[in-house]
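Reader: I'm new to this one and would like to know what the labels rest on. Could you take me through it?

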Number of protein chains: 2
Amino acid sequence: MDFSGSSVVVTGGAGFIGSHVVDALVSKGAKVTVFDNFSTGYRELVNEQEGRVRLVEADLLDYEAVRRAIAGASFVFHLAANADVKDGLLHPRKDVEQNIIATQNVLEAMREHGVRNIAFSSTGALYGDAPVFPTPEDAPFPIQTSLYGASKVAAEGLLTAYSFGYGFSTWIFRFVSLLGPRYSHGHIIDFWRKLRRDPKVLEVLGDGHQKKSYLHVSDCVRAIFVAIDRAAAPKGGAPLHIFNLGHPGMLEVNESIGILCREMKVSPELRYTGGERGWVGDAPRILLDTRKIEGLGWSPTKTIEDSVVETLRFIEANAFLHTPAPKPA
Amino acid sequence: MDFSGSSVVVTGGAGFIGSHVVDALVSKGAKVTVFDNFSTGYRELVNEQEGRVRLVEADLLDYEAVRRAIAGASFVFHLAANADVKDGLLHPRKDVEQNIIATQNVLEAMREHGVRNIAFSSTGALYGDAPVFPTPEDAPFPIQTSLYGASKVAAEGLLTAYSFGYGFSTWIFRFVSLLGPRYSHGHIIDFWRKLRRDPKVLEVLGDGHQKKSYLHVSDCVRAIFVAIDRAAAPKGGAPLHIFNLGHPGMLEVNESIGILCREMKVSPELRYTGGERGWVGDAPRILLDTRKIEGLGWSPTKTIEDSVVETLRFIEANAFLHTPAPKPA
């Protein structure tokens with residue numbers, strides 16, 4: 001797909017993955033509208049440029065704002081989400097509002113304005129406690145163990161129903177956790193903050209044996225554009241594409257801690273909260289089958305260990321990450 | 001489970017399946033609150049009885065009304081839904097509101113009041129265009145082809161996340177289409193209304209070869225209580241039970257028409273709108289694998305043909321069904 005000169009909206013464009021997608025689109029010659037409410041995004045990640053990048057600071061629950069932002073666009077990257085998986089049970093309406101209703105607002109605004117192309121950031125978390133590893137896109141019907149997973153499977157359902165019903169061209173990407181520059185939420189930064197506060201003791205959620213796959217954000221963004229460029233619509237079906245994006249490797253939480261301690265030159269006593277899950281709804285093992293996207297000629301270039309180290313260097317170099325982000329209302 | 005003397009809420013209790021569940025609960029000695037907005041339910045199906053059945057006429061989007069109705073209950077049958085599968089694309093927000101947000105309102109009211117048992121009417125439609133027949137509960141990850149299916153998979157996700165996160169005991173039933181007394185929506189009544197208006201011509205959506213399984217409502221309600229009585233929670237998991245409910249037989253739309261024409265003594269010219277689907281998002285074939293519920297000792301007692309004839313007799317005998325129900329706002 002040729003993005004040169006086209007008008008593209010990126011929801012969550014001030015976020016980790018979103019800001020990288022914005023950069024990629026700008027380098028392809030697109031005019032980009034960043035739509036973000038800064039609940040978890042950072043102003044430091046938005047580089048407004050006359051005629052290239054404009055910022056709309058608004059919430060996706062404000063339908064009028066969504067309508068106005070999407071008018072005239074040819075493609076929407078819908079990457080905004082409540083991605084706070086761990087604390088879902090503390091505010092159970094948030095996932096429904098920010099991930100389901102917000103997604104329908106995007107889809108309705110697109111329908112109203114005749115915008116017909118959408119890429120969406122879903123998650124490997126929607127496989128729940130997967131019975132198959134590596135987990136393929138057509139894994140057995142998953143049982144949602146978290147509100148986050150439930151909200152993402154709901155959003156995917158809306159996207160695919162719009163694809164069948166209104167002819168939207170739809171790309172759905174189910175990610176593992178991402179690492180790399182501009183990373184700002186997750187266990188690496190949580191551990192780093194704890195160790196900076198107290199290098200002698202580290203509390204670890206669960207038993208430390210949770211083992212998951214991680215992908216570098218640059219490999220992820222490259223995969224997204226490979227899929228958009230090269231994926232052909234299934235014959236006779238809706239123009240709908242679903243891809244797992246992940247790394248063939250995995251890293252145990254204890255291994256992450258080992259890398260951090262080595263790089264930060266600390267030797268804390270580890271205190272485990274216990275249990276195989278970090279929190280209720282946490283999947284202790286995540287490994288996605290990525291043969292579908294690899295079939296289009298993509299493969300990851302970075303090792304997970306290099307990604308962890310690069311993430312740590314970014315955190316250390318960027319003061320705006322040194323205290324936890326203000327909790328959204 | 002002993003329902004005698006217990007207080008039970010049935011959302012959609014003025015509907016087809018809901019009113020049968022209410023009767024079953026009353027016969028088991030429960031005190032029942034029927035919660036219905038009469039958007040598709042019928043007043044004729046509610047039999048208010050001092051101390052046995054009370055009616056709350058309200059909408060599930062009215063959270064205060066839901067809270068008040070659920071206070072003091074020990075079990076909720078959440079059967080209310082927008083079940084208008086065919087016209088989902090005409091009002092795409094309705095499925096999200098009536099089937100997702102409404103479901104979360106029920107769950108939140110339960111959480112607030114410490115009510116921890118819920119049974120939910122899901123649908124075989126969430127298997128989309130299933131690649132396996134008969135379709136088991138752990139069929140390959142489905143792609144939602146209708147807003148109805150998307151909204152039900154979302155509601156199931158919320159139910160299961162609440163089950164894992166808050167310890168709710170949850171029974172999810174994925175139905176085929178139901179037939180029998182109090183039936184009021186679907187292709188049998190649509191054909192019957194058309195033939196009563198004009199017995200010479202019958203328009204048929206699709207090619208008439210859509211072939212689906214149907215279950216008699218009395219067999220369905222019996223299965224629901226068998227599952228609640230006999231299903232044990234999986235070891236170490238959430239107290240969560242998911243069952244397909246269906247019939248081993250199937251009926252082609254053309255066969256339904258044959259039975260109707262024979263019983264109504266008419267011979268219309270059939271005019272097919274064409275295509276293998278009755279409408280966008282229609283699954284041309286539905287057959288569920290019901291070995292799981294059969295493993296608890298249940299099996300259907302009625303043939304599909306007898307169910308069609310019984311449905312027709314009920315429609316003919318009940319004047320309130322003779323004109324289409326007013327379209328909800």
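Predicted model: local features only at pLDDT ≥ 70, side-chain atom pairs only at ≥ 80, totals over all residues.

Reader: What makes them count as buried?

Author: A residue is called buried if 20 or more other C-beta atoms lie within 10 Å of its own.

Reader: What makes the strands in the order 3-2-1-4-5-6-11 an open sheet, and which are its edge strands?

Author: The seven strands of chain A pair in parallel in that order. At the edges, strand 3 and strand 11 (240–245) of chain A each pair on one side only. On average, neighbouring strands in this sheet are turned by 15 degrees against each other, direction ignored.

Reader: How do you know that strand 6 and strand 11 of chain A pair?

Author: Two strands pair if there are at least two bridges between them. Strand 6 (residues 169–175) and strand 11 of chain A are joined by six bridges and run parallel, so by that cut-off they pair. Thr170(A), for instance, has Leu240(A) in strand 11 of chain A as its bridge partner. Strand 4 and strand 5 of chain A also run parallel, joined by three bridges, and Phe77(A) faces Ala119(A) in strand 5 of chain A.

Reader: Why is strand 5 of chain A called largely enclosed?

Author: Because six of its seven residues are buried, strand 5 of chain A is largely enclosed by the rest of the structure. Helix 4 (residues 147–166) of chain A lies across strand 5 (117–123), strand 6 and strand 11 of chain A, and runs at about 155 degrees to strand 5 of chain A.

Reader: And what is the order of the open sheet of three strands?

Author: That order is 12-9-14 in chain A, with mixed pairing. Its edge strands, strand 12 (251–252) and strand 14 (285–286) of chain A, each pair on one side only. Strand 9 (residues 211–212) and strand 12 of chain A run antiparallel and are joined by two bridges, with Lys211(A) opposite Glu252(A) in strand 12 of chain A.

**The two chains together**

Reader: How many residues does the contact take from chain A and chain B?

Author: Chain A gives 31 residues and chain B gives 31 residues. On the side of chain B that touches chain A, helix 3 (92–113) and helix 4 (147–166) of chain B are the elements that give two or more residues. Helix 4 of chain B has the largest share, 11 residues. That side of chain B divides into 18 nonpolar, nine polar and four charged residues.

Reader: How do you know that the copies meet through the same surface?

Author: Of the interface residues of chain B, 100% are interface residues in chain A too, so the copies meet through the same surface.

Methods: Residues numbered from 1 in each chain as written. Chains lettered and ligands numbered in written order. Contact = placed C-beta atoms within 7 Å. Helix = DSSP H or I, 4+ residues; strand = E, 2+ residues; numbered from the N terminus. Nonpolar A, V, L, I, M, F, W, Y, C, P; charged D, E, K, R; others polar. Axes fitted to C-alpha atoms, helices over the stretch in contact; angles between N-to-C directions. Buried ≥ 20, exposed ≤ 12 C-beta atoms within 10 Å, placed from the backbone.
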